[in-house]
Amino acid sequence: MFDSSAYKRRREALRRSLADRGLSSGTVLILGNRESPMNYADNAYPFRQDSSFLYFAGIPEPDLALTLDLETGKSVLYGEELSLDDVIWTGPRPSLRELAEAAGLDGVRPRASLAGAAGSAKPLHFLPPYRAEHREELSEILGIPPKAVETKASGDLIRAVIALREIKEPREVERMDAAADLSADMHRAVLARARPGVRESELAARAAEVALAGGAGLAFPVIATTRGSVLHNHDHSGTLAEGDLFLMDMGAETVDGYAGDLTTTFPAGGRFDPRQREIYEILLSAFRAATDSIAPGVPYRDVHFAAAREIFTGMKALGLARGNTEEALAAGAHALFFPHGVGHQIGLDVHDLESLGEVNVGYDGQPKSPQFGLRSLRLAKPLKPGMTVTVEPGIYFIAPLIAKWKAEKLHRGFLEYPKIEEWVSVGGMRNEEDWLVTDAGARKLGGPFDKDAAALEAAVGSEWKGNR
Ligand SMILES: [Mn+2]
């Protein structure tokens with residue numbers, strides 16, 4: 001946890017921001033998460049506190065709730081003291097009063113009294129629930145059906161929380177740097193152990209080992225695969241073979257909840273073949289075009305298109321595409337190779353704030369484009385200093401997608417299907433780093449991590465060569 005003054009200041013800033021939006025009465029309710037059963041009640045998933053609760057109270061314990069009275073500014077922690085029975089199984093934890101003190105909260109009340117207190121609050125401001133138990137609890141508090149709960153979530157609260165959380169404080173940037181560094185260590189460890197014959201699951205395990213040994217956890221389930229053209233491939237049953245590309249998209253979460261999210265693609269045998277190398281160089285130039293364009297005031301949509309432009313231009317140079325690049329980008333032809341967005345905000349959530357609605361977080365409430373490719377862009381709005389984002393262009397040869405577009409004669413003026421089909425064996429690749437928007441432009445989070453082809457080739461399997 002940070003110092004209690006950090007949380008006090010954040011709650012005060014929230015109250016001011018809501019007042020600026022004309023909201024100065026009623027109560028804000030932020031529900032902490034509960035344990036979530038995996039296959040029976042006592043066998044739970046690893047506990048993860050709600051990120052907004054972490055932001056405003058910092059306490060990583062289950063079954064808590066926080067209220068903020070907008071008139072008085074007083075905040076209350078709702079929870080139950082552990083019984084002796086609990087302590088036998090879980091060990092002691094600080095008393096509620098000590099927890100409240102650590103978070104700079106004004107008082108504590110029994111968790112059981114929350115429904116009554118929240119039910120009488122006029123009005124009650126809450127965030128949209130993403131867990132069934134919160135939907136159910138809010139449904140009971142409000143006396144409305146569970147399905148109606150989302151529609152009653154406070155738009156002003158959503159916008160105020162986004163405005164606060166998306167600008168990282170210096171102490172948060174420090175944690176984001178740490179998350180990026182530990183995530184890079186996971187990637188380096190996998191690079192060092194990779195060679196033909198090693199199983200994907202061994203490399204996934206190696207990555208998790210580094211995260212856990214670093215005192216952290218995983219920010220999201222590991223992607224570690226020789227089939228990089230499957231965008232979110234969580235299968236680890238394959239074995240690395242000479243000629244394969246290996247794609248790993250994984251990151252650590254620090255003990256206080258900050259996420260790293262990096263992707264590296266490298267040749268399993270330590271040498272890109274000529275075609276893989278050509279595409280990898282295009283990927284890196286797309287990546288650099290994207291990071292070079294990050295600056296305050298620049299819409300992230302432009303960063304997306306900076307990468308897309310390099311990819312399409314590169315494909316033209318290889319004879320896989322043709323025509324006017326700007327027209328191709330406007331039509332969405334590049335999305336055959338780059339069907340996802342160039343990145344998203346990152347912070348306490350790996351897709352930061354996504355539970356508050358992608359259109360609110362990434363588009364300032366404006367509608368998203370329905371166009372294939374562009375519709376997967378999670379962040380399009382202008383950047384501000386203090387925002388932390390991922391930059392993750394990718395280039396893929398997705399056989400079913402190519403076959404479908406070819407059959408439908410889609411973007412025939414821009415895409416050379418027979419030529420593209422010759423390159424399908426390259427599969428897919430993505431490169432991802434986490435970046436901070438600064439007053440002057442942007443900087444990478446965490447220390448250097450050389451992604452040049454030669455540097456990756458040298459690092460692959462170094463553990464076996466004993467040269468590191
Ligand atoms: Mn990402």
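This is a short tour of one predicted model, stop by stop.

Number residues from 1 along each chain as its sequence is written. Local features here need pLDDT of at least 70, side-chain atom pairs count only at pLDDT 80 or more, totals for chains, interfaces and linings use all residues, and side-chain values use heavy atoms, with hydrogens and water left out.

**Stop 1: the manganese ion**

Select the manganese ion. Its donors are D261 (OD), H344 (NE2), E392 (OE) and E432 (OE), at 2.1 to 2.4 Å. Donors are N, O and S atoms within 2.8 Å of the metal (3.2 Å for Na, K and Ca); water is not among the atoms, so sites may look incomplete. Along the chain, the donors follow the spacing D-x82-H-x47-E-x39-E. D261 sits in the loop between β11 (252-253) and β12, and H344 in the loop between α12 (325-331) and α13 (358-363), so this pair ties together parts 83 residues apart in sequence. Helices (H or I, at least four residues) and strands (E, at least two) are DSSP runs, numbered from the N terminus. D261 and H344 are both buried. Buried means under 20% relative accessible area, exposed over 50%, and partly exposed in between (1.4 Å probe, protein chains only).

**Stop 2: strand β12**

Now select residues 262-267, which form β12. Of its 6 residues, 6 are buried. In a regular strand, side chains alternate between the two faces of the sheet. Here L262, T264 and F266 are buried on one side, and T263, T265 and P267 are buried on the other. Two strands pair if DSSP finds at least two bridges between them. One place to look is L245, whose bridge partner in β12 is P267.

**Stop 3: the cavity**

Go back to H344 and show the residues lining the largest cavity: H344, Q345, H351, D352, E354, E358, V361, G362, R378 and L379. Its volume is about 70 Å³. The structure holds 1 cavity of 30 Å³ or more. On a 1 Å grid over the protein atoms alone, a cavity is a set of points where a 1.4 Å probe fits but cannot get out; a pocket is an open set with protein on both sides within 12 Å along at least five of seven lines; lining residues have an atom within 4 Å of a point. Grid points are joined across faces, edges and corners, and a volume is the space filled by probe spheres set on the points.

**Stop 4: E166**

Select E166, in the loop between α7 (155-165) and α8 (170-193). E166 is buried, at 2% relative accessibility. Its side chain makes polar contacts with the side chains of K381 (2.8 Å) and K384 (3.0 Å). A polar contact is a pair of N or O atoms within 3.5 Å; within protein, one must be able to donate a hydrogen and the other to accept it, and residues adjacent in sequence count only if both atoms are side-chain atoms.

**Stop 5: S75**

Select S75, in strand β5 (residues 75-79). S75 is buried, with a relative accessible area of 1%. Its side chain makes a polar contact of 3.4 Å with the side chain of R11.

**Stop 6: the largest pocket**

Finish at the largest pocket, with about 1200 Å³ of space. Among its 47 lining residues, N33, R48, Q49, S51 and D349 are closest to the centre. α2 gives the largest share of the lining, 4 residues.
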